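Work through the exercises below with the model open. Each task is followed by its solution.

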Amino acid sequence: LSETETAEVVIPEAAFAYRFLGQTLVIYHNPSRKDTFGEDKAEIAKFKLTAADGKEFEVEASELKGERARKVRNGEIKRIDIFFVPGT
């Protein structure tokens, strides 16, 4: 999506969505509804990246680095699903 295009997207319960860098849909999945800050926060368990060509990639990490981060910045990723788990 460009900054001027619109699309209807179903956002799951206990999730939050926004558009990143004007073109990438980002959805935070936080089924426990825990805070994402503080000592007892929910933590990122994995990312699911959907490329512009529809291919999906799962990354089990708490952040995106290197080539994957570059692809996000360059607009090659059209959707990022971020999955949180309760912290310890």
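**Exercise 1.** State which strands helix H1 lies across, and the angle at which H1 runs to E5.

Solution. Helix H1 covers residues 66-73 and lies across E1, E2, E3, E4 and E5. The helix runs at about 125° to E5. Axes are lines fitted to C-alpha atoms, for helices over the stretch in contact (heavy atoms within 4.5 Å), and angles run from 0 to 180 degrees between N-to-C directions. Helices (H or I, at least four residues) and strands (E, at least two) are DSSP runs, numbered from the N terminus.

This is a predicted model: local features need pLDDT of at least 70, side-chain atom pairs count only at pLDDT 80 or more, and totals for chains, interfaces and linings use all residues. Residues are numbered from 1 along each chain as its sequence is written, and side-chain values use heavy atoms, with hydrogens and water left out.

**Exercise 2.** Give the order of the elements along the protein.

Solution. The protein has one helix and five strands. From the N terminus on, they follow the pattern β-β-β-β-α-β.

**Exercise 3.** Work out the order of the strands in the sheet, and which strands are at its edges.

Solution. Step one: take the pairs, where two strands pair if DSSP finds at least two bridges between them.

- E2 (24-29) and E5 (77-85) are parallel, with five bridges; Tyr 28 has Ile 82 as its partner in E5.
- E3 (residues 43-51) and E5 are antiparallel, with eight bridges; Leu 49 has Ile 80 as its partner in E5.
- E3 and E4 are antiparallel, with four bridges; Leu 49 has Phe 57 as its partner in E4.

The open sheet reads E1-E2-E5-E3-E4, with mixed pairing. E1 and E4 (56-59) are the edge strands, since each pairs on one side only. From one strand to the next, the twist averages 15°.

**Exercise 4.** Describe the lining of the second largest pocket by residue class.

Solution. A pocket is, on a 1 Å grid over the protein atoms alone, an open set of points where a 1.4 Å probe fits, with protein on both sides within 12 Å along at least five of seven lines; lining residues have an atom within 4 Å of a point. Step one: list the lining, which includes Tyr 18, Tyr 28, Phe 47, Leu 64, Val 72 and Ile 82. Step two: sort by class. Nine residues are nonpolar (Ala, Val, Leu, Ile, Met, Phe, Trp, Tyr, Cys or Pro), and none is polar or charged. Step three: find the strands. E1, E2 and E5 each supply at least two lining residues.
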